[in-house]
Amino acid sequence: MGISRGALSGSGTAMEGFRASVAALDALFLEEAALASAGADGRGDAVAGVDVLQRQYGIRLERLELVSRLEGQLAAVKAQDAADCIRIQQAMAPPEASVPERTYAEMSAVEEIAGVLTVTSAAAGAFVHQAQQVCSLPQVMDALAAGEVSWQHAKVIVDETEGLSPAGAASLVAHFFDPGAPNPARGAAPGELVPSRFRAKARTWRERHHPESIEERHAKSAADRRMEYRPDRDGMAWISLHVSGVTASAIWNRTTAIARGLQGPDEPRTLTQLRPDIAASLLLGAGGLQDEGMAGSPEGNGAPQPGTTAPGQVLGQALGQVPVPRADVLVMVPVFSALGVTDEPAILDGHGPIPASMARKLLADGADSFYRVLVDPSDGAPLEIGRKSYRLPEAIKRWIRMRDSKCTFPGCTNQSLDNDTDHLTAWQHGGTTGASNLGQLCPKHHRLKHNTGWTPTPATTNEPPGWTSPTGRTYQPEQRDPEPTHWPYWQMFAAGPGEDASPGEVPQWEPDDATLIDPGDLSPDDPLWAEFFTKPFALLTC
């Protein structure tokens with residue numbers, strides 16, 4: 001028993017890519033040296049028609065990109081070697097070795113790896129497990145060896161395939177890494193997304209395809225809900241809640257809305273500071289916050305600095321007096337799931353998949369801060385957005401929130417509630433107020449767009465914009481991965497008379513009734529929508 005041909009091939013591929021990256025990095029260092037020898041001294045003098053400072057800036061960006069690629073390639077070599085150490089140790093064990101002997105041999109190898117890497121035994125054991133999982137997924141290993149993804153991206157795949165069958169894990173990997181897979185991931189490739197955003201997309205896919213329904217998993221997790229307290233440095237501490245996604249979203253949105261209502265020229269605290277002050281005030285009452293006035297007080301006597309106001313005093317006066325802005329939350333609900341005939345997960349804006357029963361409860365209870373988004377059964381695209389008024393601008397804002405889900409700037413994770421709806425092409429430059437010319441931007445990146453050379457690429461009704469940097473680098477948009485909805489098991493319209501219905505087949509049947517209207521033929525401001533949304537939303541009880 002020895003090293004498999006596949007393992008040797010993987011190591012060879014990683015080293016081949018490593019050598020190519022090192023050569024490209026070396027060429028950039030040589031180019032910079034040539035600029036220096038030609039008399040470039042950092043003053044921006046032109047050398048052979050080259051803007052020296054601009055090129056020096058470009059060289060450093062290119063080097064950072066190459067170093068990032070090298071880190072991924074080195075991670076592939078490191079992971080392969082760690083997995084091979086365990087495999088070789090097992091191969092060295094005599095055939096008659098007992099299970100305990102083999103276990104101790106593997107433990108010894110893990111301890112050796114811990115010593116070489118100067119990490120704890122637990123950290124080495126976790127790394128070896130992750131390395132073995134990555135090496136068992138050839139497409140992920142190939143992407144890592146090519147430097148197309150980082151080790152953080154590879155760990156996301158390990159985490160999100162945990163608990164899936166081998167076939168399920170292979171399907172998840174193929175969805176994101178195989179362009180030829182059925183319904184491949186849309187938008188930016190995994191390595192073009194920051195790891196947290198890639199995790200969100202991978203988790204959403206996993207929730208839809210997990211062998212155990214989200215209803216069953218949520219019921220088990222809900223029993224583990226809890227509050228935790230953790231002391232921190234400098235007299236501070238953390239309080240965290242493990243609750244349902246709907247409850248957590250409601251808490252976050254409520255505190256954010258109150259914080260926005262308190263902001264003004266006389267309020268020195270930031271939105272980030274106001275949220276915990278409000279949460280503490282709602283739990284303890286205004287008096288429980290007086291100690292927060294010590295923040296920033298050199299005397300440490302609890303008195304705020306001149307020009308500031310003790311948070312407890314402000315909140316005690318304000319929570320019952322300041323109008324609280326609405327904190328609307330979008331819930332994307334598959335049509336059959338909303339009607340109660342399937343249990344396909346819904347998508348809660350800013351959170352991700354939630355059980356269908358939870359979404360139906362939100363609809364049935366008439367939660368006025370939650371807006372339903374019905375989804376087309378054929379392709380998972382949105383059909384319409386529920387609204388209580390049919391003013392087009394407000395409808396478009398909600399549509400853009402649903403489409404983008406967060407700030408569209410590359411790498412930004414700011415959720416939709418805190419963002420602006422911005423014209424991609426300015427109104428004064430001929431831009432229109434339509435979904436294809438609008439995108440979400442957080443305040444920071446909104447200002448950046450208008451003051452630098454960062455330029456959004458065109459959007460569509462269902463796809464957010466990408467971006468082009470001042471140096472010409474393009475960043476593909478992050479997109480949702482809508483899928484055809486789950487059809488009821490009886491598929492009552494999937495086949496005509498005498499025909500067999502194939503599982504998952506999209507019905508081609510349409511009612512023979514000239515009085516019915518296709519919703520896609522109506523404009524968002526058609527008066528029929530207003531009439532439709534005045535009708536109560538009825539759920540099936542069967």
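**Exercise 1.** State which helix holds Val 246, and decide whether Val 246 counts as buried or exposed.

*Solution.* Val 246 lies in helix α10, which covers residues 245–262, where helices are DSSP runs of H or I with at least four residues, strands are runs of E with at least two, and both are numbered from the N terminus. The relative accessibility of Val 246 is 11%, so Val 246 counts as buried (under 20% relative accessible area, with exposed over 50% and partly exposed in between, for a 1.4 Å probe and protein chains only). The C-alpha atom of Val 246 is separated by 8.9 Å from that of Ala 359, although the two are 113 residues apart along the chain.

The model is predicted, with local features needing pLDDT of at least 70 and side-chain atom pairs pLDDT 80 or more, while totals for chains, interfaces and linings use all residues. Residues are numbered from 1 along each chain, and side-chain values use heavy atoms, without hydrogens and water.

**Exercise 2.** Describe how strand β11 pairs with β10 and how the residues of β11 point.

*Solution.* Begin with the pairing: β10 (residues 420–423) and β11 are antiparallel over four bridges, given that two strands pair if DSSP finds at least two bridges between them. Within β11, Leu 438 is the bridge partner of His 423. Turn next to the side chains, which in a regular strand alternate between the two faces of the sheet. In β11 (residues 438–441), Leu 438 and Gln 440 point one way, whereas Gly 439 and Leu 441 point the other way, and all are buried.
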